[in-house]
Amino acid sequence: MNVIVDEEKCIGCGTCEEICPAVFHVPESTGKSEVIDEEACEFVGCCEAAAENCPVEAIRLQE
Ligand code: SF4
């Protein structure tokens, strides 16, 4: 699964990291979510929930 964060849209709320800390990290320095391990998406199975709960729909998942 490819996990893409649209940095233009991301407001750095941290929800994705809360839901899926193995996949997403929001560094204080940038305030934008980064994908740290997209392989973990399938392993922990929380990426769909992160995408659904992103308030600005910045997370896109591609099979
Ligand atoms: S949930 Fe969405 S807006 Fe919030 S940090 Fe993650 S990608 Fe950015």
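**View 1. Surroundings of K32 in the predicted model.** Not counting residues up to four places away in sequence, K32 touches E7, C10, G12 and V26; two residues are in contact if their C-beta atoms, placed from the backbone, lie within 7 Å. Residues are numbered from 1 along each chain as its sequence is written. This is a predicted model in which local features need pLDDT of at least 70 and side-chain atom pairs count only at pLDDT 80 or more, while totals for chains, interfaces and linings use all residues. K32 lies in the loop between β2 (24-25) and β3 (34-35); strands (E, at least two residues) and helices (H or I, at least four) are DSSP runs, numbered from the N terminus.

**View 2. The largest nonpolar core.** This core has 14 residues, of which C16, C20, V23, F24, C47, A50 and I59 touch the most other members. Both β1 (2-5) and α3 (47-53) supply at least two residues of this core. A nonpolar core is a set of buried Ala, Val, Leu, Ile, Met, Phe, Trp, Tyr and Cys residues joined through C-beta atoms within 7 Å. Not counting residues up to four places away in sequence, C20 touches V44, C46, C47 and A50.

**View 3. Strands β1 and β4.** β1 pairs with β4 (residues 59-62) in the antiparallel sense over four bridges; pairing requires at least two bridges found by DSSP. I4 stands opposite R60 in β4. V3 and V5 form the covered face of β1, N2 and I4 the uncovered one.

Technical notes
Buried ≥ 20, exposed ≤ 12 C-beta atoms within 10 Å, placed from the backbone.
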